[in-house]
Amino acid sequence: MTFPDTLPLTAVFVYGTLMPGERNEHVARQGGAFHARSATLRGYRLIDLRPEAYPGIVRGAADATVTGHVLTFDPAAWPRALPFLDALEGLHDTPPLYTREQVTVQVDGDDVPAWVYVYARTDRLGQHGAVPVPGGNWRTVPNRGLPADGDR
């Protein structure tokens, strides 16, 4: 499903704690109802950050993939949803924790435009506890439910 160019992009690809059934799904729901669909992002790799206990993605090889979900909000709900998402992802922190970028994801064989949060603190990636997730699937990471609700 794609939207005409005249409508705002109201879909976001989530790959970690914001996915349905994960610990921060409630943050996405604060912005209003959304439709969730399984999706794949190509050309990025998933990193498990410890002790932070949340993931990040960074650009990767062309054949690298990250699995997740596209959350599509009603255009009327998007202005309410976006501040909750940006706040959780530290978009306006100094320095920012993540950047929000437009990408194309695959949903049921179709290309779908979406926003995604890309990990911005590249200096952290060379430190202990930044571990690539084989297969790019957050749900395979042990102890991914930590820390308590409300934390990133």
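## A first look around this model

About 150 Å³ of space lies in the largest cavity. Here a cavity is a set of points, on a 1 Å grid over the protein atoms alone, where a 1.4 Å probe fits but cannot get out; lining residues have an atom within 4 Å of a point. The volume is the space filled by probe spheres set on the points, and grid points are joined across faces, edges and corners. This is a predicted model, where local features need pLDDT of at least 70, side-chain atom pairs count only at pLDDT 80 or more, and totals for chains, interfaces and linings use all residues. Residues are numbered from 1 along each chain as its sequence is written, and side-chain values use heavy atoms, with hydrogens and water left out.

Back to that space. The structure holds 1 cavity of 30 Å³ or more. Of the 13 residues lining the largest cavity, Tyr15, Thr17, Leu18, Pro55 and Glu89 are the closest to its centre. Strand 1 and strand 4 are the elements that give two or more residues to this lining; helices (H or I, at least four residues) and strands (E, at least two) are DSSP runs, numbered from the N terminus.

Now for strand 7 and its partners. Two strands pair if DSSP finds at least two bridges between them. Val107 has Asp110 in strand 7 as its bridge partner. The hairpin of these strands has 2 residues between them, and Asp108 takes a positive phi near 50 degrees there. Strand 1 (residues 11-14) runs parallel to strand 7, joined to it by 2 bridges, and Val12 stands opposite Trp115 in strand 7. Strand 7 is also mostly covered, with 7 of its 10 residues buried. Buried means under 20% relative accessible area, exposed over 50%, and partly exposed in between (1.4 Å probe, protein chains only).

Next come the charged pairs. Side chains of opposite charge can pair when their charged atoms come close. A salt bridge is a side-chain nitrogen of Lys or Arg within 4 Å of a carboxyl oxygen of Asp or Glu. By this rule the count comes to 7 salt bridges, including these:

| Salt bridge | N to O distance |
|---|---|
| Arg29 and Glu25 | 2.8 Å |
| Arg124 and Glu52 | 2.8 Å |
| Asp86 and Arg100 | 2.9 Å |

Asp86 lies in helix 2 (residues 78-88) and Arg100 in strand 6 (residues 98-107), so this pair ties together parts that are 14 residues apart in sequence. Asp86 is buried at 7% relative accessibility, while Arg100 is partly exposed at 25%. Elsewhere, salt bridges that share partners join Glu22, Arg139 and Arg144 into one network.

Arg29 and Glu25 are 4 residues apart in helix 1 (residues 25-29), so about one helical turn separates them. Glu25 is buried, at 16% relative accessible area, and Arg29 is partly exposed at 44%.

How far apart in the chain are Arg124 and Glu52? They sit 72 residues apart, with Arg124 in the loop between strand 7 (110-119) and strand 8 (130-132), and Glu52 in the loop between strand 3 (44-49) and strand 4 (54-59). Arg124 is buried, with a relative accessible area of 9%, whereas Glu52 is partly exposed at 23%.

Notes: 1 Å grid on protein atoms, 1.4 Å probe; cavity = no way out; pocket = protein on both sides within 12 Å on 5 of 7 lines; lining within 4 Å.
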